[in-house]
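This report goes through selected local features of the structure shown below, chain by chain. Terms are given with their cut-offs where they come up.

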Amino acid sequence: MLCDEAMHDQTVRLAGSLVAVDPELEREFEARLVESSTLAFRVAYGVLRHRQDAEDVAQDAFVKAYRNFRQLRERERFRAWLVRMTWRLAIDRQRNDRRRLAREDTAPGPFGPGVLDDLEARERASRLWAAIDTLPDKLRVAIVLANIEEHDIGEVARLLDLPEGTVKSRLFLARQRLKELLQ
Amino acid sequence: MTDQEIRDALRVDPSPEFLARVRTRIAGEPAPSAWRWSWTAAAAGALAAMVLIAVVMSRPRHENPSAPDVARAFTPAEAPAGPTRRQTEPAGSTAGRRPGPSASARLEAARASARLAEAQSAKADSGTRSRDPEILIDPREGIALQRLLAGVTAGRVNLEPLARAVAQGAGARDDLRPLADIVIPLLPLTPAPGEGDRP
């Protein structure tokens with residue numbers, strides 16, 4: 001028994017010496033987590049429109065980001081990196097989880113009782129998101145990001161690592177397509 | 001209008017426990033530096049494997065490359081004719097037949113061929129394992145010797161007449177007398193009658 005405890009202590013010491021936690025890195029990641037948590041959640045929510053699922057996906061994205069944080073040389077690009085990772089994870093989840101549609105029908109709705117409490121508004125929101133879901137992925141991410149935290153075109157371009165002109169044309173196309181679909 | 005609706009829909013905040021849950025989950029993860037260690041170890045392992053493969057591939061081989069070729073060229077003519085036919089025949093088809101001398105010879109040739117193949121594969125294995133020089137024997141000679149030995153062992157070959165003939169040949173050699181020189185007499189060449197005359 002004593003021998004087991006000694007071995008355990010030795011193992012912990014050895015692991016600690018090999019995998020030393022970098023306090024500076026930890027602090028930096030904590031700061032990024034605090035500043036980007038809402039953004040990641042909203043990106044996931046823009047795809048899934050389910051609070052709990054969006055939190056799960058955002059959590060997965062942060063864990064993935066934490067694992068690879070040392071790799072990220074340009075730390076100021078953390079937000080863009082996180083947004084793209086969260087978007088991919090959310091899309092994967094939406095594609096894999098076929099039960100979502102049934103659940104969304106019975107869910108109380110993402111818009112809150114104070115904003116959309118009448119049936120007509122809910123119906124319109126449902127049609128709007130159904131139309132957004134039919135957009136190609138490139139247009140869809142552009143329109144969602146442009147409407148999160150009131151990002152301007154420059155910010156969307158930075159998050160997607162695209163030229164501003166490309167983002168502008170994609171937003172134009174997305175709006176035009178949505179207009180056609182909702183008429 | 002559409003943008004405003006999307007904006008309103010996306011103005012949703014995560015639950016207050018969200019950050020705490022993310023921190024708890026991250027606390028259970030290995031530190032970011034573990035990534036570097038694991039990949040360093042993997043890279044070192046891959047490098048060691050490559051060096052090992054390079055060393056094994058660069059080792060000189062002491063095999064006789066011509067031996068298998070000779071055996072391959074020889075075997076189809078001699079050995080497989082018998083066993084192939086025998087193996088493809090049904091088991092009961094030979095019941096009423098009497099094995100003649102040619103059949104037994106084919107069987108023996110097949111056995112010898114199998115033994116030769118075994119010996120060559122063993123030789124090839126030992127050639128790759130050790131650096132000792134090999135004794136190279138022509139496979140045809142090997143087969144002939146193996147057949148002879150097998151025949152003697154099985155009692156099919158009787159060596160007594162051979163031994164007698166050798167002994168008689170040795171005795172007869174003593175009785176031989178040297179031959180006299182062969183003398184060829186000169187032949188006179190004379191023209192035939194009428195040859196050379198013009199009509």
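## Aromatic residues in chain A

Phe78(A) counts as buried, at 1% relative accessibility; buried means under 20% relative accessible area, exposed over 50% and partly exposed in between, with a 1.4 Å probe and protein chains only. The model is predicted, and local features need pLDDT of at least 70, side-chain atom pairs count only at pLDDT 80 or more, and totals for chains, interfaces and linings use all residues. Residues are numbered from 1 along each chain as its sequence is written, chains are lettered from A and ligands numbered from 1 in the order in which they are written, and side-chain values use heavy atoms, with hydrogens and water left out.

Over all chains there are 7 aromatic pairs. Rings of Phe, Tyr and Trp (its six-membered ring) pair if their centres lie within 6.5 Å; planes under 30 degrees apart count as stacked, over 60 as edge-to-face and the rest as tilted. The ring centres of Phe29(A) and Phe78(A) are 6.0 Å apart with planes at 85 degrees, so this pair is edge-to-face. Phe29(A) lies in helix 2 (residues 23–48) and Phe78(A) in helix 4 of chain A, so the pair ties together parts that are 49 residues apart in sequence. Helices (H or I, at least four residues) and strands (E, at least two) are DSSP runs, numbered from the N terminus. Phe29(A) is also buried, its relative accessible area being 3%. Both rings belong to one aromatic cluster formed by Phe29(A), Tyr66(A), Phe69(A), Phe78(A) and Trp81(A).

Gln94(A) sits in helix 4 (residues 78–96) of chain A. Which residues does Gln94(A) touch, not counting those up to four places away in sequence? They are Val47(A), Leu48(A), Asp133(A) and Arg140(A), where contact means heavy atoms within 4.5 Å. A polar atom of the Gln94(A) side chain lies 3.2 Å from the backbone oxygen of Val47(A).

Helix 8 (residues 153–160) of chain A is largely enclosed by the rest of the structure, because 6 of its 8 residues are buried. The buried ones are Gly154(A), Glu155(A), Val156(A), Ala157(A), Leu159(A) and Leu160(A). Their cover includes helix 4, helix 7 (137–146) and helix 9 (164–182) of chain A.

| Residue | Relative accessibility | Class |
|---|---|---|
| Phe78(A) | 1% | buried |
| Gln94(A) | 17% | buried |
| Leu159(B) | 37% | partly exposed |

## Chain B

Chain B has 8 helices and 0 strands. Buried residues make up 18% of its 199 residues. Of the contacts in chain B with a separation of 6 or more, 71% are between residues 24 or more positions apart. The accessible surface of chain B is about 15600 Å², and 62% of this belongs to carbon and sulfur atoms; areas come from the Shrake-Rupley method with a 1.4 Å probe, and for residues only the protein chains shown count as cover.

Leu159(B) is found in the loop between helix 7 and helix 8 of chain B.

Notes:
Polar contact = N/O pair within 3.5 Å; in protein donor to acceptor, adjacent residues only side chain to side chain.
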